[in-house]
Amino acid sequence: MRKILRFVKREYLAAVKTKGFIIMLLLMPVLMGGSGIAMYLLQGQVDTTDKRVAIVDHSGIVTDLVLNAAEKRNAASVLDKETGKKVQPAYVFEVIAPDETDHQAQRLALSDRIREGDLHAFLEVGPNVLHPEGDQSTFRIKYHGKNSAVDNIRNWLNNMINPYLRKIRLSEVGVEESKADEIMTWLQVEAMGLVTVDEETGEIQEARKTGEAEAILVPVVLFFLMFMLVMMGAMPLLQSTMEEKTQRIAEVLLGSLQPHQFMAGKVLGGLLVSLTGASVYVAGGVFFMRRLGLTEFIPFHVIPWFFAFLILEIVMVGSILASLGAACNDPKDAQNLTFPAMFPVFLPMFIFMPVLQEPTSAFATWLSMFPLFTPMLMLIRKAAPAGIPAWQPWVGLVEVILFTIFIVWIGGRIFRVGILMQGGAPKLSNILKWAFRG
Amino acid sequence: MKGTSTDRIGYLPEERGMYKKMKVRELLQFYGELKSSRKVDKEVDYWLDRLELSDWGNKKIETLSKGMGQKVQFISTIVAKPELIILDEPFTGLDPVNVEVIKDAVLDLRSNGSTVIFSTHDMNVAEKMCDFIFMIFKGQKVLDGTLVSIQDEFGSDTLRIRTEGGRTSLDNLDGVDKITDFGKLQELRIHPGSDHQKILAEIMSRTQVYSFELAKPTLYDIFLRIAGPEAEEKADA
């Protein structure tokens with residue numbers, strides 16, 4: 001045991017005493033949340049070049065609305081009122097008379113103008129948009145542009161034209177304009193939590209309003225945190241074991257350690273690295289949430305499960321990676337084995353969203369009961385606001401413990417043979433032979 | 001070999017097996033503690049000092065020259081005071097001065113009761129340092145014994161001679177199986193049963209002899225006789 005601890009100490013210090021570890025500790029959350037941060041930072045970055053849009057109105061009732069709305073918008077939003085600096089593009093509409101003889105030729109001509117850069121887009125309004133009945137092609141509103149699907153002008157037009165047309169329709173059936181506004185008022189169905197009783201006062205507490213971000217954020221953050229920590233603690237074991245083998249360090253170590261001690265030292269070293277990272281992130285997260293007055297959002301009931309599943313995941317995946325690293329003879333072998341070895345971690349990454357949305361579905365339940373995927377999928381199900389039956393995480397935990405023992409045993413047998421086996425790429429048949437026949 | 005028995009063995013691999021990013025002193029302490037399960041700071045200091053590596057204690061392994069790396073690897077093998085020491089080509093990469101330093105250290109370890117097994121292709125080292133010699137050729141044991149007993153097997157069939165005429169004066173001598181030319185010195189392998197005196201008299205009639213010695217074959221020569229092309233030809237025949 002003392003030897004294993006000494007080896008664990010070396011492995012741990014070799015990993016955490018480097019600048020790379022500190023940088024990784026700081027950068028990992030940034031990299032993981034990189035797209036969100038980038039979107040936040042780029043939020044204010046707007047192309048302020050004026051957008052020239054042609055409008056071909058077959059109905060004859062939309063053009064004036066658009067021109068007036070654009071004029072108002074341009075006056076209100078294009079220039080910053082305090083600095084006078086241009087902060088938004090102006091929407092400049094060019095009215096084109098519809099060519100009723102050849103629609104396609106007119107569309108092609110306008111499309112060519114867009115290609116040449118003379119126009120940003122063109123809007124074509126069907127003749128029957130006010131009374132959409134009969135032939136569908138007569139009441140379509142089409143917005144043509146290079147990037148029309150995600151163009152803000154399309155949304156702007158959408159939100160303006162439809163209420164306008166509805167109001168005209170209402171007035172045609174005799175509804176006053178003031179009543180029309182009331183009729184068209186849209187009420188959102190609010191997401192609320194459950195009503196509770198205050199333990200101290202016995203009073204019924206108001207249910208808390210929950211946002212989509214809050215419902216998804218906690219499980220997703222814990223899920224990605226586990227993924228990061230597996231990458232930090234277990235992933236390097238494949239490469240480092242292969243290096244120790246090829247650089248003959250393993251030969252020297254095996255003069256002092258039994259192969260199972262060697263593998264245990266590597267896996268436990270990786271586990272400690274991960275737990276160090278986990279402690280920093282969890283403690284840091286709790287500290288900042290408290291400072292920001294968001295203590296109620298800290299999932300204290302999930303944190304023990306997080307650590308339990310993290311430990312088992314690192315031991316399980318770490319044993320697989322270390323044993324495969326022992327079977328490798330060069331970096332190319334290690335590279336080829338990385339993806340299959342990380343399958344228990346990568347697959348949950350692909351399917352976590354449906355599992356989070358429907359944590360009690362048969363798909364989510366059964367997949368999270370498969371021991372290779374249990375740590376990550378059971379964690380995200382447990383952290384989901386919908387909740388899961390209380391017995392399921394316990395059954396999952398017992399399953400993973402038993403499976404991890406099995407994997408460590410198999411991994412130890414592969415490691416024992418592989419670490420001294422030189423020459424040739426590791427074949428699946430050989431690895432299976434080492435695992436079951438020694 | 002299991003459990004504590006491996007702790008009594010020190011192994012120096014032919015290729016260096018050291019963590020490149022570790023510092024010399026840390027590495028030696030790690031290997032020593034792993035083997036002996038106790039602190040080995042004093043031993044590390046002693047050996048670093050003895051092998052003139054004290055100034056390199058805080059340097060990383062990757063900064064060492066090949067020779068220095070070999071010395072560090074040697075210390076890592078013996079720092080836990082093993083009873084059986086296996087050294088695979090221990091003098092690789094060392095200059096003559098360091099060869100002597102390591103050689104002295106090995107002899108000290110032997111005097112202090114450790115058993116040392118050399119795995120080497122350097123016949124001179126084996127001849128000078130080993131009490132027992134064991135040779136494996138093509139997976140078979142071909143020599144086993146002390147140097148004297150092995151040489152006795154081959155008899156005193158070597159005439160080592162220095163002449164004015166050199167190699168050219170030794171052509172076509174009856175009773176000589178092979179001549180090995182070292183430039184200023186030649187070794188003649190006498191055919192079994194041939195008369196040394198007659199051969200020497202023949203050479204003296206051809207040229208002036210400065211010195212001669214009737215000797216047993218060296219281990220190097222024995223190695224060649226067993227594993228050289230000549231032996232291969234005999235085996236094929």
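Hi everyone, let's start with a pair of helices: H12(A) and H17(A) cross in a left-handed way, meaning that the near helix is turned anticlockwise from the far one by less than a right angle. This is a predicted model, where local features need pLDDT of at least 70, side-chain atom pairs count only at pLDDT 80 or more, and totals for chains, interfaces and linings use all residues. Side-chain values use heavy atoms, with hydrogens and water left out.

Back to our pair. Helix H12 of chain A covers residues 303-327 and helix H17 of chain A covers 391-418; they pack at an angle of about 20°, their axes 8 Å apart. That makes the two roughly parallel, a label for angles under 35 degrees. By class, their contact has 20 nonpolar, six polar and no charged residues; Asp, Glu, Lys and Arg count as charged, Ala, Val, Leu, Ile, Met, Phe, Trp, Tyr, Cys and Pro as nonpolar, and the others, Gly among them, as polar.

Now over to chain B. Which residues of helix H8 are buried? In H8(B), residues 219-227, they are B:Leu219, B:Asp221, B:Ile222, B:Arg225 and B:Ile226. Buried is under 20% relative accessible area, and exposed is over 50% (1.4 Å probe, protein chains only). Down the axis of H8(B), those residues fall within an arc of 160°, so they line one face of the helix.

Last, two loop residues. B:Glu89, between strand E2 and helix H4 of chain B, has a positive phi near 50° and is buried at 11% relative accessible area. B:Lys138, between strands E4 and E5 of chain B, also has phi near 50°, but B:Lys138 is exposed at 63%.

Definitions and conventions: Residues numbered from 1 in each chain as written. Chains lettered and ligands numbered in written order. Axes fitted to C-alpha atoms, helices over the stretch in contact; angles between N-to-C directions. Helix = DSSP H or I, 4+ residues; strand = E, 2+ residues; numbered from the N terminus. Parallel < 35°, antiparallel > 145°, perpendicular 65-115°, else oblique. Arc of directions from axis to C-beta.
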